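Me: Please take me through one part of this model at close range, the pairing of its strands. After that, I'd enjoy a look at the helices and the packing.

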Amino acid sequence: MRILAVLAMLLVASAAPMASAQQPDIVQEHWYHTYTTLSIDVNAWADDYPEIVDLAIAGQTELGKNLWVVRISDWSQETKPDGTSKDIVYIDGGHHGNEHLGTELAFLTAEFYIEGWAAGDQEVIDVLTTTELHVLVMLNADGNDLDTRWNINQVDLNRNYDHHWNEQDETQPGSGPFSEAETLANSIYMNTVVPDADLYITMHTGVWIMLHPWGYIPDQPIDWELFHGIRDDIHENISDIPIRNANQGLYPNSGTSRDYGYGIMGFPTFTFETDDEQWLLGTAESLSSRLGEELDVMRYLITNIWYWRARLSITSFVYDSDSIELEVENLGRATTANATVRYIDQGEVMWTSGLFSVNATNHSHVNLETTNLSLTTDGHFELYYQKRVIDSSIWVNESIPEELIEITNGMSAGWLPFASPIWAVLAIGFAGLRRNKRLHSNC
Ligand SMILES: [Zn+2]
């Protein structure tokens with residue numbers, strides 16, 4: 001029945017849209033994208049919504065087709081309203097050219113935010129004010145047009161990444177890591193444009209499941225609290241979709257973009273597999289209803305991106321000449337293990353404390369020896385830590401507001417580098433952090 005219905009639909013829609021306008025809804029909802037129709041649609045978005053759609057090209061396929069990246073954000077503002085950097089989401093679809101529903105989920109996610117912006121949807125406005133979405137909809141455009149898993153060189157692109165490449169004796173992983181134009185371009189985009197991303201979702205079709213690292217070994221990822229927390233949230237509030245580590249949830253696989261995204265780039269990463277249909281070029285049920293639950297999961301992951309890393313927040317900082325007593329909260333859902341306090345003067349690190357950790361959504365009381373620390377007129381303290389525990393995760397440095405720092409006993413006023421002896425003011429900075437937290441917990 002479904003095949004007949006799809007055929008009927010394709011006949012109705014067979015006047016393929018050639019104009020520059022986006023495809024009509026009936027085509028959009030029932031006919032999977034080819035490279036040509038995708039090119040029409042993403043260019044129409046860029047023409048119609050220049051304030052939020054910035055269309056980029058990450059490179060070309062082996063046959064020279066463009067790897068379109070739809071970049072969606074409120075581009076009138078470079079930063080969040082509070083002046084900090086926007087959070088970055090990276091999404092790709094279509095590693096496997098015959099997995100059309102996965103590619104459509106990438107397209108549908110972009111469409112949700114673009115059309116939501118146009119409709120004045122407050123959830124979408126909040127996201128696009130604070131977040132950049134980078135969506136590379138169709139990575140294997142050559143394979144997509146041939147309706148085949150492989151690229152034009154008969155390589156499985158999702159086994160071609162430079163992370164434990166071919167360790168699982170993979171089928172058709174290519175002649176070496178990044179031997180293919182598509183995967184090389186994708187890795188360059190990750191490394192040069194979105195290295196700070198706090199979420200990477202790669203979309204496929206097969207078994208209905210979400211897979212987190214690892215694929216190449218059966219071990220849980222070192223950031224298991226983050227992945228398991230996300231799993232529990234989704235199961236409690238959104239969907240029963242199975243969520244597991246790839247090696248055990250599906251089968252051992254190596255050289256995947258998911259393991260590369262986590263192991264090399266340090267992103268929290270999921271492979272999102274829609275259901276198992278891999279044979280049709282269209283769908284009788286509309287795509288937005290068929291992928292509605294999956295889109296809800298995507299909205300949850302995107303809306304809450306602020307939490308997908310460690311977010312340290314100091315609530316008390318007392319310096320008494322021998323040591324620093326620190327109370328530090330982790331507002332994020334990922335643990336950080338190698339954090340330090342540093343003293344900076346004119347861009348140079350003058351002193352670094354011992355290491356401390358703060359578990360996900362927890363707090364730590366830390367005592368740090370201050371041997372060799374001497375304060376200077378223009379110096380300041382900062383926190384220096386990794387966003388997540390995985391080695392590849394990037395480091396951040398965040399200034400510690402002066403009003404949070406209390407200096408006590410044993411020091412003469414003349415020794416102190418600051419003009420005023422009144423230090424113990426925590427309330428102002430604390431209130432600021434609280435406000436920041438509330439801003440992001442709107443879902
Ligand atoms: Zn796939």
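**Strand pairing**

Reply: Let's begin with strand β11 (residues 336–345) and strand β15 (residues 380–386), which run antiparallel and are joined by five bridges. This is a predicted model, in which local features need pLDDT of at least 70 and side-chain atom pairs count only at pLDDT 80 or more, while totals for chains, interfaces and linings use all residues. Residues are numbered from 1 along each chain as its sequence is written. Strands (E, at least two residues) and helices (H or I, at least four) are DSSP runs numbered from the N terminus, and two strands pair if DSSP finds at least two bridges between them.

Across from I344 stands H380 of β15. β15 also pairs with strand β16 (residues 395–399), again in the antiparallel sense and over five bridges; there, Y385 has V396 of β16 as its bridge partner.

Another pair is β9 (residues 312–319) with β10 (residues 323–330), antiparallel and joined by seven bridges. Within it, V318 is partnered by E325 in β10. Both strands belong to an open sheet of four, ordered β14-β10-β9-β17, with mixed pairing. Its edges are β14 (363–369) and β17 (405–407), each pairing on one side only. From one strand to the next the twist averages 15°, taken between N-to-C directions of axes fitted to C-alpha atoms, on a scale from 0 to 180 degrees.

Now the helices. α12 (residues 292–303) has 12 residues and reaches 16 Å between its first and last C-alpha, close to the 16 Å expected at 1.5 Å a residue (1.5 Å times one less than the number of residues). Its buried residues are E294, V297, M298, L301 and I302, where buried means 20 or more other C-beta atoms within 10 Å of a residue's own, with C-beta atoms placed from the backbone. Seen down the axis, they fall within an arc of 130°, so they line one face of α12; the arc is that of the directions from the helix axis to the C-beta atoms.

Finally, the packing. The largest nonpolar core has 101 residues, and V70, Y113 and V137 have the most contacts inside it. Such a core is a set of buried Ala, Val, Leu, Ile, Met, Phe, Trp, Tyr and Cys residues joined through C-beta atoms within 7 Å. Helix α4 (residues 100–118) gives the most to this core, 10 residues. The core lies between domain 1 (2–307) and domain 2 (312–440), because both give residues to it; the bounds come from an automatic or database domain assignment.

How values were computed
Buried ≥ 20, exposed ≤ 12 C-beta atoms within 10 Å, placed from the backbone.
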